[in-house]
Amino acid sequence: MQLPSGCRVSEDSPLAARVFPEPPHPYRSPFQRDRARIIHARAFRRLAGKTQVFTHRYSDHFRSRLTHTMEVAQIARTVAATLGLNEDLTEALALVHDIGHPPFGHAGERALDDALRAHGLRFDHNLHALRIVEHFELRYAAFRGLNLTLAVREGIIKHSHDYSAKAHPELGDYFLDQRPPLEAQIIDLADEIAYLTADLDDGMEAEILRLEEIRENVRLFERFYVPMATKYPDAPSKLVFSEALKRVLNALVDDLIAETKRQVSVAGITTLEGIRNAPHRLASFSSQTEELRLEAKRYLYASLYNCAELTHDHQEAARVITELFEAWTRDPSLLPASYVSLVSEEGAPRVVADYIAGMTDNFILKQYADWRNRSS
């Protein structure tokens with residue numbers, strides 16, 4: 001199933017360069033070092049305290065942003081290995097892909113973006129992730145940030161989104177007129193596989209989703225549930241569900257591998273330059289599987305993400321973030337001294353957003369409670 005070796009990002013590529021040159025490590029590749037730097041970063045550790053779908057009100061059995069990230073990394077590395085891509089680069093990109101998310105999951109991101117829009121600014125978790133690894137992480141005496149390779153920094157920006165050079169001149173070093181390498185392209189699809197299957201699992205565990213409704217509305221799941229129910233007639237329904245869901249995940253991974261290889265082969269591409277100059281991204285699902293994936297995603301939006309139980313949490317998240325953002329923007333002196341010193345250069349709205357984005361769910365709730373107590 002492997003692609004031509006020229007499609008792989010190599011360790012001696014210009015993409016392995018760093019802004020601040022460092023001597024090579026005696027036994028670790030540049031991308032292995034990036035992976036380690038990401039894992040040891042504070043922002044990575046904080047993902048353990050950030051919502052994936054279910055907030056602090058629910059059991060700690062559910063995925064956090066960190067455990068989701070680990071699942072994405074496992075899937076992405078498997079895909080990269082099977083296709084003959086650079087596994088270490090792929091894993092580093094998977095581990096860093098959500099590092100820019102604020103507390104409270106996508107509800108928190110929407111609230112922070114809405115708050116910034118009132119000041120003519122935006123919040124984008126990919127661009128914030130770049131700020132984290134280039135600026136906010138302080139672990140080295142010789143430079144700010146983690147000094148990651150160009151390949152990882154490019155992938156942080158471009159793994160899930162194409163940015164225009166006109167709208168983002170500050171990203172001019174990241175080949176915005178070209179496609180990202182396949183190692184970056186597969187991250188977004190591994191992310192889709194991970195959260196689709198995990199959210200079905202957690203939704204069932206939370207007793208928000210019902211097995212009968214999943215079978216009726218998610219054809220990809222039903223395809224595997226029927227044979228598993230036949231094979232294990234005496235097994236608890238929870239285990240039959242799990243057996244079917246594992247096969248859903250495997251089917252999505254198999255399809256991603258096969259279709260990506262087919263796309264590259266049909267295009268006649270054998271080099272990284274060919275990947276970059278392709279008219280569209282080459283990592284993809286087949287049209288049939290993409291239809292089934294979108295069907296499952298629509299079901300999750302209708303039955304889980306927008307359900308009454310989680311809507312309450314989304315509203316709470318928006319209230320906490322909005323009220324703290326407004327209070328701290330009006331009076332930046334309430335911020336820690338290290339952030340106050342940045343206000344004159346970057347403006348209060350951006351500094352406040354950066355401060356909030358770095359928080360875990362529990363930390364921002366404590367800040368909110370303290371602020372309410374002082375204000376009452």
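These legends describe close-up views of a predicted model.

**View 1. Helix α14 and the elements that cover it.** Helix α14 runs over residues 308-330 and holds 23 residues. At 1.5 Å a residue the helix should span 33 Å, and its end C-alpha atoms are 33 Å apart, so the two values agree. Its buried residues include Leu310, Ala317, Val320, Ile321, Leu324, Phe325 and Trp328. Asp313, Glu316, Ala327 and Thr329 are also among the buried residues of α14. The cover over these buried residues includes α5 (105-117), α13 (287-305), α17 (348-357) and α18 (361-375).

**View 2. The largest pocket.** The volume of the largest pocket is about 660 Å³. It is lined by 27 residues, and His101, His106, Tyr195, Lys297 and Tyr301 are the closest to its centre. At least two lining residues come from each of α3 (65-83), α5, α8 (182-205), α13 and α14. Helix α8 supplies the largest share, 5 residues. By residue type, the lining has 7 nonpolar, 12 polar and 8 charged residues.

**View 3. The second largest pocket.** The second largest pocket holds about 570 Å³ of space. Of its 19 lining residues, Arg42, Arg46, Phe136, Glu137 and Tyr339 lie nearest the centre. Two or more lining residues come from each of α2 (42-46), α6 (125-136), α15 (337-340) and α17. The most come from α6, which gives 4 residues. The lining divides into 8 nonpolar, 5 polar and 6 charged residues.

**View 4. A salt bridge within helix α11.** The model has 34 salt bridges, and one of them joins Glu243 to Arg247, with the closest N and O atoms 2.7 Å apart. Both residues belong to helix α11 (residues 237-267) and are 4 residues apart, about one turn of the helix. An α-helix has 3.6 residues a turn, so residues three or four places apart point the same way. Arg247 has a relative accessible area of 25%, so this residue is partly exposed.

View 5. Arg63 and Glu71 meet through their side chains in a salt bridge of 3.1 Å, N to O. Arg63 is buried because its relative accessible area is 18%, under the 20% limit. Glu71, at 26%, counts as partly exposed. Another salt bridge pairs the side chains of Arg210 and Glu213 at 3.2 Å, N to O. Arg210 is partly exposed at 42% relative accessibility, and Glu213 is partly exposed at 29%. A network of salt bridges links Arg35, Arg77, Glu87, Asp88 and Glu91.

Terms used:
Residues are numbered from 1 along each chain as its sequence is written. This is a predicted model: local features need pLDDT of at least 70, side-chain atom pairs count only at pLDDT 80 or more; totals for chains, interfaces and linings use all residues. Side-chain values use heavy atoms; hydrogens and water are left out. The expected span of a helix is 1.5 Å times one less than its number of residues. Buried means under 20% relative accessible area, exposed over 50%, partly exposed in between (1.4 Å probe, protein chains only). Contact means heavy atoms within 4.5 Å. On a 1 Å grid over the protein atoms alone, a cavity is a set of points where a 1.4 Å probe fits but cannot get out, and a pocket is an open set with protein on both sides within 12 Å along at least five of seven lines; lining residues have an atom within 4 Å of a point. Grid points are joined across faces, edges and corners, and a volume is the space filled by probe spheres set on the points. Ala, Val, Leu, Ile, Met, Phe, Trp, Tyr, Cys and Pro count as nonpolar, Asp, Glu, Lys and Arg as charged, and the others, Gly among them, as polar. A salt bridge is a side-chain nitrogen of Lys or Arg within 4 Å of a carboxyl oxygen of Asp or Glu.
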